[in-house]
Amino acid sequence: MCSFIEPSFAQKPIELLFAIEDLNENAKSCDLKSSAIQSIGTLTLRNNGIKAIEKSSDHLMMGITVNVAITPDKSYCVANIQADMVDFENNPNLVKRGSFSTKGVAAMIQLCESSTLVTSIPSQFSKHVIDAVEQQIKLCLGQLQY
């Protein structure tokens, strides 16, 4: 009989703040819920070895932006979906590039970005958006080494 002993030097999972940004009122008209986006985002990150967390003292964040519009006759829903991973540097002088630096107290560093446009009839919109969110997270992570 063989048993597996987990080594004590196992690597701690990568933790990443996951946030949904800019989900507007039109999402309701298109039957899109933030909980569905949160679920697929968390699952996609976990399947890629990353633990999604809601609060963090670290400044590293994976953000999902879903801007939804609906046609005037309410026959089609449209969403611009963007996944990006950003970090915030509290000392902008460390982020100087040539003669340029930020005037503010922090500088944002974008590590990856991927976006797409989704159009669908309202009854199928949520499924298309969920599929697109998963794909955009994967494409963003594919730009990184971790």
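Reader: Between which two helices is the loop that holds Asp31?

Author: This is a predicted model, in which local features need pLDDT of at least 70, side-chain atom pairs count only at pLDDT 80 or more, and totals for chains, interfaces and linings use all residues. Residues are numbered from 1 along each chain as its sequence is written, and side-chain values use heavy atoms, with hydrogens and water left out. Helices (H or I, at least four residues) and strands (E, at least two) are DSSP runs numbered from the N terminus. Asp31 is in the loop between helix 1 (26-29) and helix 2 (34-47).

Reader: What is the phi of Asp31, and how exposed is Asp31?

Author: Most residues other than glycine have a negative phi. Asp31 is not a glycine, yet its phi is positive, about 60°. Buried means under 20% relative accessible area, exposed over 50%, and partly exposed in between (1.4 Å probe, protein chains only). Asp31 is partly exposed, with a relative accessible area of 47%.

Reader: Where is Lys74, and what is its relative accessibility?

Author: Lys74 also is not a glycine and has a positive phi of about 60°. Lys74 is placed in the loop between strand 3 and strand 4. Lys74 counts as exposed, its relative accessibility being 53%.

Reader: How many residues lie between the strands in the hairpin of strand 3 and strand 4, and over how many bridges do the two pair?

Author: Two strands pair if DSSP finds at least two bridges between them. The hairpin that contains Lys74 has six residues between the strands. Strand 3 (residues 61-70) and strand 4 (residues 77-89) are antiparallel, and the number of bridges is 10.

Reader: Which residue of strand 4 stands opposite Gly63?

Author: Strand 4 pairs with strand 3 in the antiparallel sense. The residue in strand 4 opposite Gly63 is Asp84.

Reader: In strand 5, which residue is the bridge partner of Asn80?

Author: Strand 4 also pairs with strand 5 (residues 107-120), in the antiparallel sense and over 13 bridges. For Asn80, the bridge partner in strand 5 is Leu117.

Reader: Which pattern does the protein follow along the sequence?

Author: The secondary structure comprises three helices and five strands. Read along the sequence, their pattern is β-α-α-β-β-β-β-α.

Reader: Among contacts between residues at least 6 apart in sequence, what share joins residues at least 24 apart?

Author: Of the 146 residues in the protein, 31% are buried. A contact means heavy atoms within 4.5 Å. Among contacts between residues at least 6 apart in sequence, the share joining residues at least 24 apart is 70%.
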